[in-house]
Amino acid sequence: MLVYLRKRILSSALPLVAVIVGVFALARLTGNPANLYLPLNATDQMRADFTARHGLDQPLLTQMADYFGGVLRLDFGESLRTGESAAAMALRAFPATLQLAATTMVLAIVLAVIVGCWAALKPNGIADRISSFVSMAAASIPDFWLAIVGIWIFAITLGWLPTSGVGGASAWVLPIATLLLRPFGVLVQIVRGAMVSALSEPYIKLARSKGAGDVRVVTHHALRNAAAPALTVAGDLTVGLVNGAVVVETIFGWPGIGKLMIDSILQRDFAVLQAAVLLTAIAIFVLNILIDLGYALLDARVRPATVKA
Amino acid sequence: MMSSSPSAKRQLRLQIPVVVAGSALLLSGCSVANSEDTAGATAGAASDTLRVVLQQEPPTLEACEANLTSTGVVVRSNVTQPLIERNPTTGELEPLLATEWEATSDTEWTLKLRDDVKFQDGTDFNAEAAAYTIDRAVNSDLGCNVEGYVFGDTDLEVEAVDATTLTVTTPEPDPILPLRLSFLEVVPTSTSDTEKVREPIGTGPYKIEQWDAGQKITLSTWDGYWGEAPAFPKAEYQWRGEGTVRAAMVTSGEADIAMGLGPDDGAGDLGVNYPNNETIGLRLSGDTAPLDDIRVRQAINYAIDKEGIVASLYQNKDKVAAQLIPEGVVGHNASLEAWPFDLEKAKALVAEAKADGVPVDTKITLVARNAQFPKVTELSQVLQEQLAQAGLNVELKMTETSQHLQYQIRPFVEDQGPIALLIQHGNQAGDAAFTVEQYMLSDGAQSSFGTDEFDQRLLEAGKTSGADRQQAYEDIFTYQNENVVQFATIAHQTGILGKSAAINYTPNSSSGDELRLTEMTPAS
């Protein structure tokens with residue numbers, strides 16, 4: 001296990017550095033942010049002072065060397081916009097996104113397994129058709145539209161839920177429902193396909209011939225073999241959620257990392273953007289390791305190639 | 001079957017932490033740090049807390065950045081106060097922390113200050129604090145936003161003559177110095193002059209109680225305030241990027257005031273219109289063919305159906321504009337009429353220019369900024385079509401803010417050909433000087449061209465005061481429309497503020513930048 005982890009860390013270091021360098025360089029190609037931070041009628045001298053104060057007048061390589069020097073000292077710089085520590089801003093925002101994404105994915109997986117298994121028991125039956133329709137629709141609905149409609153129905157018309165914000169359980173319902181629909185729709189399709197395949201295997205027929213009922217056949221025999229592809233897709237979807245909850249965070253005023261990144265891009269807040277990207281990249285790296293471990297737990301054929309490697 | 005094997009036991013050991021971690025995340029999923037339940041927050045004006053929802057979180061509450069909209073809307077007149085304040089309705093300057101002021105020489109102003117004011121930290125407000133505030137914001141290396149916005153490179157000499165007397169000396173005569181001073185929010189001498197301060201101490205009726213970064217800011221009243229206590233002991237600011245959500249928060253009772261709404265955001269009867277001093281129009285690059293021909297620029301003015309735009313896109317809430325500043329700003333020319341919509345005349349002018357060899361077929365790029373104001377995309381498409389109907393070749397380019405600024409502020413992006421830039425100009429200062437020096441001087445930071453004669457007129461106008469100043473700037477707007485035609489102004493905009501029925505408040509032209517909580521009271 002430790003050997004495996006060491007290999008994964010080493011193999012991930014290069015992509016991490018590439019991501020940081022890429023974000024650093026690309027962000028600065030978009031130009032000097034002085035115009036964004038100073039009044040429109042600021043003088044040339046003020047623009048020059050701003051540029052010099054933030055080291056933006058230095059050659060790109062000098063700026064990059066300073067940045068990497070800072071990273072080694074765990075100093076990620078200060079936000080141009082707020083003057084706060086960039087690392088503190090990213091670390092403050094990240095748990096909010098992680099909680100949202102994790103809760104959403106756990107619910108999506110549980111619901112998708114239930115619905116997918118139900119549909120797979122009788123392919124082309126009424127349950128299968130209903131679940132296919134629902135899951136296809138769920139995977140296709142734009143989250144922006146869904147969020148606004150959800151607010152209109154449940155917050156304004158019915159008054160059951162708050163429109164937005166963070167806080168008690170009721171504030172989580174609309175953001176999670178909005179985020180949940182797409183991964184749920186995709187996962188239902190995956191689980192259903194994998195279960196249909198698994199349920200047609202000879203060992204299932206053997207189990208049934210021994211008198212096992214539908215529930216036992218699904219939970220004790222077929223689901224384990226159908227879980228591996230679902231886990232892989234769920235992992236990709238989780239990465240997407242961690243990285244892409246921007247719309248939901250923006251609409252619902254959720255103080256997460258996605259909104260922080262978008263704001264940083266629009267405001268050319270380089271230090272915060274770099275800190276947020278780095279933190280997200282590390283989180284995705286950890287997530288991928290967890291997915292590998294989970295995959296190995298589920299499928300003995302891949303275990304030697306990953307966990308024992 | 002599986003649970004009895006050694007490998008299954010190992011798997012179980014691995015599964016436990018995964019399950020525990022998942023459960024912890026699920027459980028923790030019911031709270032975000034520092035958050036409170038917002039679902040039951042329906043008290044509104046019936047409670048002691050006034051709830052305001054903004055477009056974005058303030059980047060800072062630093063007093064010398066208070067001219068930033070998202071900062072000023074929270075701190076100005078609520079947490080901090082200026083020496084002098086401008087009445088947004090009459091345009092007159094009124095006493096606040098200063099009781100009177102006069103020009104004691106061409107370059108010196110003397111201000112008398114109140115002697116009964118304390119800061120929220122218990123220290124006295126006096127001339128020393130006022131002098132420190134000016135020195136810190138204008139003369140220091142802090143890079144304060146208000147310095148660039150109001151004072152430019154000009155340094156001021158300040159002296160606290162005694163506890164209640166302050167003199168301010170300018171390098172050149174400045175007839176509108178009191179107006180400029182109205183932008184400075186006063187802070188105590190304990191405020192750092194080497195670093196900006198995110199949470200300032202002021203003399204206003206509210207102090208900053210708590211700032212939960214990313215979520216909300218809470219203000220509360222304090223006992224030592226020198227003026228009349230506000231009706232609401234607390235104020236809470238949240239922020240939502242979507243106008244529809246801000247409007248929904250007011251209609252659902254989650255907020256009392258929603259800022260920056262558009263006509264289609266759904267506030268319904270709770271949407272209140274107010275003049276926001278913003279004007280939209282096209283700025284034409286008169287140094288590049290075919291826009292270097294005044295007939296083409298005139299044709300653009302004739303080709304735009306301003307009444308139609310205001311009626312169809314803005315529900316007749318905006319007003320057709322003849323100049324870059326609205327009524328209420330010093331220098332506004334009330335007798336100046338907007339260019340009439342006359343497509344035939346526009347076509348004739350283009351044809352005439354073409355006959356004289358002007359390359360009217362050259363592609364003109366109409367540059368606009370996404371989400372700059374409500375229906376900016378639709379307006380841009382209408383303008384493109386109407387200019388095309390006049391016989392011009394127009395391509396629309398929608399940009400984001402940073403790109404747009406490359407077209408808006410000198411040095412302009414080069415080799416882009418003729419540009420018609422869709423601008424939104426807000427004159428919150430209340431004096432035409434803040435507009436014309438930027439937009440009309442030949443080398444103005446946001447001006448694409450000018451003439452020597454016009455420059456001379458502009459500079460002379462800046463030295464005048466009183467009625468002469470009003471007349472000088474009125475003449476300048478007339479001259480612009482008749483002889484320069486750098487702009488095709490379209491409309492003076494109307495802001496929309498969502499207001500709960502439980503609140504009494506009448507927004508004014510400065511509400512978007514300075515939301516005075518003391519002017520809000522419970523409706524019953």
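Figure 1. The buried residues of H10(B) are Leu379(B), Ser380(B), Leu383(B), Gln386(B) and Leu387(B), where a residue is called buried if 20 or more other C-beta atoms lie within 10 Å of its own, exposed if 12 or fewer do, and partly exposed in between, with C-beta atoms placed from the backbone. Because they cover an arc of only 130° around the axis, they sit on the same side of H10(B); the arc is that of the directions from the helix axis to the C-beta atoms. Glu378(B) and Glu385(B), on the other side of H10(B), are exposed. This is a predicted model, in which local features need pLDDT of at least 70 and side-chain atom pairs count only at pLDDT 80 or more, while totals for chains, interfaces and linings use all residues. Residues are numbered from 1 along each chain as its sequence is written, and chains are lettered from A and ligands numbered from 1 in the order in which they are written.

**Figure 2. Length and surroundings of helix H10 of chain B.** The 14 residues of H10(B), residues 376–389, should span 20 Å at 1.5 Å a residue, and the end C-alpha atoms are 20 Å apart, which agrees; the expected span is 1.5 Å times one less than the number of residues. Helices (H or I, at least four residues) and strands (E, at least two) are DSSP runs numbered from the N terminus. The cover over the buried residues of H10(B) includes helix H7 (294–303), helix H8 (306–314), strand E14 (363–369), strand E15 (393–399) and strand E16 (419–426) of chain B. Just after H10(B), Gly391(B) adopts a positive phi of about 105°.

**Figure 3. Domain 1 and domain 2 of chain B.** According to an automatic or database domain assignment, chain B holds domain 1 (206–273 + 496–507 + 517–522) and domain 2 (275–495). The C-alpha centres of domain 1 and domain 2 of chain B are 34 Å apart. Five residues of domain 1 of chain B are in contact with six residues of domain 2 of chain B, contact meaning that the C-beta atoms of two residues, placed from the backbone, lie within 7 Å. On the side of domain 1 of chain B that touches domain 2 of chain B, three residues are nonpolar, two polar and none charged; Ala, Val, Leu, Ile, Met, Phe, Trp, Tyr, Cys and Pro count as nonpolar, Asp, Glu, Lys and Arg as charged, and the others, Gly among them, as polar.

**Figure 4. The largest nonpolar core and another core.** A nonpolar core is a set of buried Ala, Val, Leu, Ile, Met, Phe, Trp, Tyr and Cys residues joined through C-beta atoms within 7 Å. In the largest one, of 147 residues, Ala90(A), Leu187(A), Val191(A), Ala276(A) and Ala258(B) touch the most other members, and helix H5 (residues 86–121) of chain A gives the largest share of this core, 21 residues. Another core, of 62 residues, lies apart from it, with Ile300(B), Ile304(B), Phe487(B) and Ala488(B) among its members. Not counting residues up to four places away in sequence, Ala258(B) touches Val53(B), Arg246(B), Ala247(B), Met249(B), Val250(B), Ala267(B), Leu497(B) and Gly498(B).

Figure 5. Trp239(B) belongs to strand E10 of chain B and is buried, with 20 other C-beta atoms within 10 Å. Residues up to four places away in sequence aside, Trp239(B) touches Gly253(A), Val53(B), Leu54(B), Gln55(B), Gln56(B) and Glu57(B).

**Figure 6. The loop that holds Phe449(B).** Phe449(B) is found between helix H12 (433–439) and helix H13 (452–462) of chain B, in the loop, and counts as partly exposed because 19 C-beta neighbours lie inside 10 Å. Neighbours within four places in sequence left aside, Phe449(B) is in contact with Gly286(B), Asp287(B), Ser442(B) and Gln486(B). The C-alpha atoms of Phe449(B) and Arg283(B) are separated by 10.0 Å, although the two residues are 166 residues apart along the chain.
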